[in-house]
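Me: Please examine the following model with me, one question at a time, and let each reply close on the item requested.

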Amino acid sequence: MEQFQEFEVGIEEGKERLDKYLASLYPAQSRSFFQKLITEQRVSVNDVPRKANYRLNPGDTVTVAIPEAQEV
């Protein structure tokens, strides 16, 4: 089961890369983790899947589908 989180990009985060923005919101996760989620289209900006290098704009809405943690 996935957990959906939604964020609105502020003025100070404008022009930041999507993957870097998500890594700053979740410091316990690596940037490569978010790059994988982006590749799997589990991340969208304004309801449109974007690439990891997409530059955010103030007011953008970022939606992330975080997969449930799996035991190893």
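Predicted model: local features only at pLDDT ≥ 70, side-chain atom pairs only at ≥ 80, totals over all residues.

Me: In what order do the elements of the protein chain run from the N terminus on?
Reply: The protein chain holds two helices and four strands. Read from the N terminus on, these elements follow the order β-α-α-β-β-β.

Me: Why is the protein chain described as being as compact as a globular protein of that length?
Reply: The globule rule gives 11 Å for 72 residues. The C-alpha trace spans about 40 × 20 × 15 Å along its principal axes. The description holds because the rule's value is close to the radius of gyration of the protein chain, which is 12 Å.

Me: Which strands stand at the edges of the sheet?
Reply: The sheet is open and has four strands, paired antiparallel in the order β1-β4-β2-β3. An edge strand has a single partner, so one side of it is left without a neighbour in the sheet. The strands in that position are β1 and β3 (48-49).

Me: How many bridges join β2 to β4?
Reply: β2 and β4 run antiparallel. Within this part of the sheet, S44 stands opposite T63 in β4, and V45 stands opposite V62 in β4. The number of bridges joining β2 to β4 is three.

Me: Which residue of β4 is the bridge partner of F7?
Reply: F7 lies in strand β1. Strands β1 and β4 pair in the antiparallel sense over six bridges. In β4, the bridge partner of F7 is V62.

Me: How many of the six residues of β4 are buried?
Reply: Buried here means under 20% relative accessible area. Strand β4 is largely enclosed by the rest of the structure, because the number of its six residues that are buried is five.

Me: At about what angle does α1 run to β4?
Reply: Helix α1 (residues 18-25) has L18, D19, Y21, L22 and A23 buried. The cover over these buried residues includes β1 (3-8), α2 (31-39), β2 (43-45) and β4 (61-66). The helix α1 lies across β1, β2 and β4, and its angle to β4 is about 65°.

Me: Which strands does α2 touch as it packs on the sheet?
Reply: The direction of α2 makes about 95° with that of β4. In packing on the sheet, α2 touches β2 and β4.

Me: Is the pair of F7 and Y26 edge-to-face or stacked?
Reply: The whole structure contains three aromatic pairs. In the pair of F7 and Y26, the ring centres are 6.1 Å apart and the planes stand at 85°. Planes over 60 degrees apart count as edge-to-face. The pair is therefore edge-to-face.

Me: How many residues apart in sequence are the parts that the pair of F7 and Y26 ties together?
Reply: F7 belongs to strand β1, whereas Y26 is in the loop between α1 and α2. The pair therefore ties together parts whose separation in sequence is 19 residues.

Me: What is the angle between the planes of Y26 and F34?
Reply: Y26 and F34 are both buried, and F7, Y26, F33 and F34 form one aromatic cluster. The pair of Y26 and F34 is tilted, with 5.4 Å centre to centre. The angle between their planes is 35°.

Methods
Residues numbered from 1 in each chain as written. Heavy atoms only, no water. Buried < 20%, exposed > 50% of the residue type's maximum accessible area, 1.4 Å probe, protein only. Contact = heavy atoms within 4.5 Å. Pairing = 2+ DSSP bridges. Axes fitted to C-alpha atoms, helices over the stretch in contact; angles between N-to-C directions. Phe/Tyr/Trp six-rings, centres within 6.5 Å; stacked < 30°, edge-to-face > 60°. Rg over C-alpha atoms; globule rule 2.2 N^0.38 Å.
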